[in-house]
Amino acid sequence: MTDISAPDTDSLGIFERYLTLWVALAMIAGIAIGALAPGLVDTIASAEIASINLVVAVLIWAMVYPMMVSVDFGAVVGVARQPRGLLITLAVNWLIKPFSMALLAVLFFDHVFAPWITPEDAAQYIAGLILLGAAPCTAMVFVWSQLTRGDATYTLVQVSVNDLIMVVAFAPIVAFLLGVTDITVPWETLVLATLLYVVLPLIAGMLTRRALGSQQAIDGFSARIKPLSIIGLIATVAILFGLQGEVILNRPLIILLIAVPIVIQSYGIFALAYGAAYALKVPHRIAAPCAMIGTSNFFELAVAVAISLFGLNSGAALATVVGVLVEVPVMLSLVAFANRTRQNFPEVQS
């Protein structure tokens, strides 16, 4: 069992202390619910607008809100005095990650796994992985940042700048790597996800801070609502695995094959960003979230584009879904590693 927050474990609640166990149980429960109560899963799946599942959106909102309460808006201007973390995030996300994912996808599906899959399926899986690689995370980064005691204000700036770049860079990068010129970015998905996962929680956090007044009151409130993030994460995992339970049970080998390059990419990108942050003496509260943003993916956007380009039942859509399933356990292991290596980073940037 992984202790995801090695420092100060005595202060952790039962949800945080045994988070890996709860997530594992949520995966099992989700698959079981998908098999035993397909009607319930279909109802949840149908609650969708612009490829955003509203039930999952509410849960992610619950995960993000506690961290937004911790954002000190007066300190946003101070981010400019510590640009290294932001520069690492942008360089890894946009100059390296999409291309390394494409390289790994081609290596595995055109060569390593070629004896077990058809060329047509291989092309689909490669396309799906490219879409994942070109869509760095938005919402879940706030959860990983909170679990690593990241700087809430700096994380918000990192995510916001990343999203602005994604608006103009996503389609050209995908078009170049897929060799498809008529990429239609699902703007409804992009805008709605940003509103639900960033703007609304940010406004709620700002209003909450204003209502509470003192920093002491804000800290006390943040401590009380922090379990919301963990509960939201566990419930989200259960729903995601419930929605994909049939695919997992019916095509376990394909799921495993698709997961291999995703896992290698995730650990490789994290090592690159985290190592760069260490070399540049970036404080841990900035280094951990900066490495997490590139490692995690904006799966709603990737899934929506895969469906619009290749169809709902395509191999490309399946590959993006596998990215969702792989992400949580991989990210939890990286959270654990980041917390265990905290002491190797400076407290302040030199």
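I counted rings of Phe, Tyr and Trp (its six-membered ring) as a pair if their centres lie within 6.5 Å, calling planes under 30 degrees apart stacked, over 60 edge-to-face and the rest tilted. The model is predicted, so local features need pLDDT of at least 70 and side-chain atom pairs count only at pLDDT 80 or more, while totals for chains, interfaces and linings use all residues. Residues are numbered from 1 along each chain as its sequence is written, and side-chain values use heavy atoms, with hydrogens and water left out.

Ring pairs. My search of the whole structure gave nine aromatic pairs. I looked at Phe-108 and Phe-113, whose ring centres are 5.3 Å apart with planes at 40°, so this pair is tilted. Both Phe-108 and Phe-113 are buried (under 20% relative accessible area, with exposed over 50% and partly exposed in between, for a 1.4 Å probe and protein chains only). Ring pairs also join these two with Phe-109, Trp-116 and Tyr-125 in a cluster.

I then turned to Tyr-274 and Phe-345, which are tilted because their centres lie 4.8 Å apart and their planes at 45°. Tyr-274 belongs to helix α12 and Phe-345 to the segment after α15 (315-340), so the pair ties together parts 71 residues apart in sequence.

Helix α12. I noted that α12 covers residues 252-279, helices being DSSP runs of H or I with at least four residues, numbered from the N terminus. A kink of about 30° lies at Ala-259, shortly before the proline Pro-261, the bend being the angle between axes fitted to the seven residues ending there and the seven starting there.

Notes
Helix = DSSP H or I, 4+ residues; strand = E, 2+ residues; numbered from the N terminus. Expected span 1.5 Å × (residues − 1).
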